[in-house]
Amino acid sequence: MELDDLKVKWAQYDAKLEKSIRLNTRLLRESRLTRVDAALRPLSRWIVLETLLNVPAVLLLGSFLGDHIGEPRFAVPAALLLACAIAILNAGIRQWVALRALDYGAPILVVQKRLAALRVSRIRTTKWVLLLSPLLWAPLLIVGIQGLVGVDPYAFLDAKWLAANVLFGLVVLVVMLWISRRYLDRGKQSPGLQRLLDSIAGRSLASATGHLDEIARFEQEL
Amino acid sequence: MTTTPPQDRFLALLDEHRKILYKVANAYCRNAEDRRDLVQEIVVQLWRSLPRFDERARFSTWMYRIAMNVAISFYRSESRRTQRTELVEEPILETLAVDRAAPEESSDDIRQLHRFIGELDELNRALVILYLDGNSHETIGEILGISASNVGTRVGRIKERLRKDFDRVANR
């Protein structure tokens, strides 16, 4: 059988559909259209929430850094945290803008490329947040104690304690990578945990970049 | 002079092209529940994108783009089951009991056709549906975002693959 024979079958199928399917206009008229969630809406809301939460963090850290700019013991951890918060905020704003500008009526390859790029960006952000969090909690503790409680953390936290915490962060990081790879294909965990493991291990990223490559190949003249 | 409300006009256009919804959903989803969800997502996205629709363009071309874009994203989404909210319980597209058209209830030829389409990747699947629906290479290229000559070459490859497929089945 040839593809053109299938075209004839398809035309018969088309004629059959004409008679056999009906649009439930009553359901759509009951203003369901505006109430029902489309797939990307939760993502858009999540990005907005993340971005909104990051704005006060950037402002507070910026203010703290400004107040302690002459004291490296506070300025360095604050600068580290601020750099991370700005990077996350920047990624969030870019993702939100990309999502808002997405026109589903554009050619399929254009839309799919943008969606895949957005996905790559989301996965990279998640991965870096997860990987850096064990290393950033010591600076967070220093800035938090000084900034929120007004107590000098160095009065009771010595250099050994700080070094031990950084080391502990590195160990946690290695363990996280090991766990994510070891349990990646077990498929027994919840979808949320699986997504986290996939993000840390780079599997989600590989899948998203693979889709981008697939689109690029499809675009190329054969 | 009275003007038709946007929702009425939208529903009339949607009704006129309802087969696109059905064909795309059938090509990208194997089970009935997913097909119903996908149809709903396509309709919502069509409605939300309507303000951007250029009246000079063909509605069917625009509808194919949106339907296929949503279907490919739906198909690829790993988390759609956990993200779904506010599901509509009733189906937007009703199949009349007298003459069912779902692939599992169709003739052998149509089933075979759907099996063949189902074996293709998402992008080639879109291309085949557009080709079978009688669109020109130019229109297919416009919908997909590739050149007409690229469409021609890809259709040629798919024809070749189909021929081999059928030969293999016939020789068994």
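1. Helix α4 (residues 72-101) of chain A packs against helix α5 (residues 108-149) of chain A at an angle of about 155°, and their axes are 9 Å apart. Helices here are DSSP runs (H or I, at least four residues), numbered from the N terminus. Axes are lines fitted to C-alpha atoms over the stretch in contact, with angles from 0 to 180 degrees between N-to-C directions. α4(A) and α5(A) are therefore roughly antiparallel (angles over 145 degrees).

2. This is a predicted model, where local features need pLDDT of at least 70, side-chain atom pairs count only at pLDDT 80 or more, and totals for chains, interfaces and linings use all residues. Residues are numbered from 1 along each chain as its sequence is written, while chains are lettered from A and ligands numbered from 1 in the order in which they are written.

3. The largest nonpolar core has 60 residues. Such a core is a set of buried Ala, Val, Leu, Ile, Met, Phe, Trp, Tyr and Cys residues joined through C-beta atoms within 7 Å. Buried means that 20 or more other C-beta atoms lie within 10 Å of a residue's own, with C-beta atoms placed from the backbone. Among the residues with the most contacts inside this core are Leu21(B), Val43(B) and Leu127(B).

4. Helix α4 (residues 59-76) of chain B gives the largest share of this core, ten residues. A second, separate core has twelve residues, including Phe64(A) and Cys84(A).

5. Eleven of the eleven residues of helix α2 (residues 18-28) of chain B are buried, so this helix is largely enclosed by the rest of the structure. Among them are Arg18(B), Lys19(B) and Tyr28(B).

Key: Helix = DSSP H or I, 4+ residues; strand = E, 2+ residues; numbered from the N terminus. Parallel < 35°, antiparallel > 145°, perpendicular 65-115°, else oblique.
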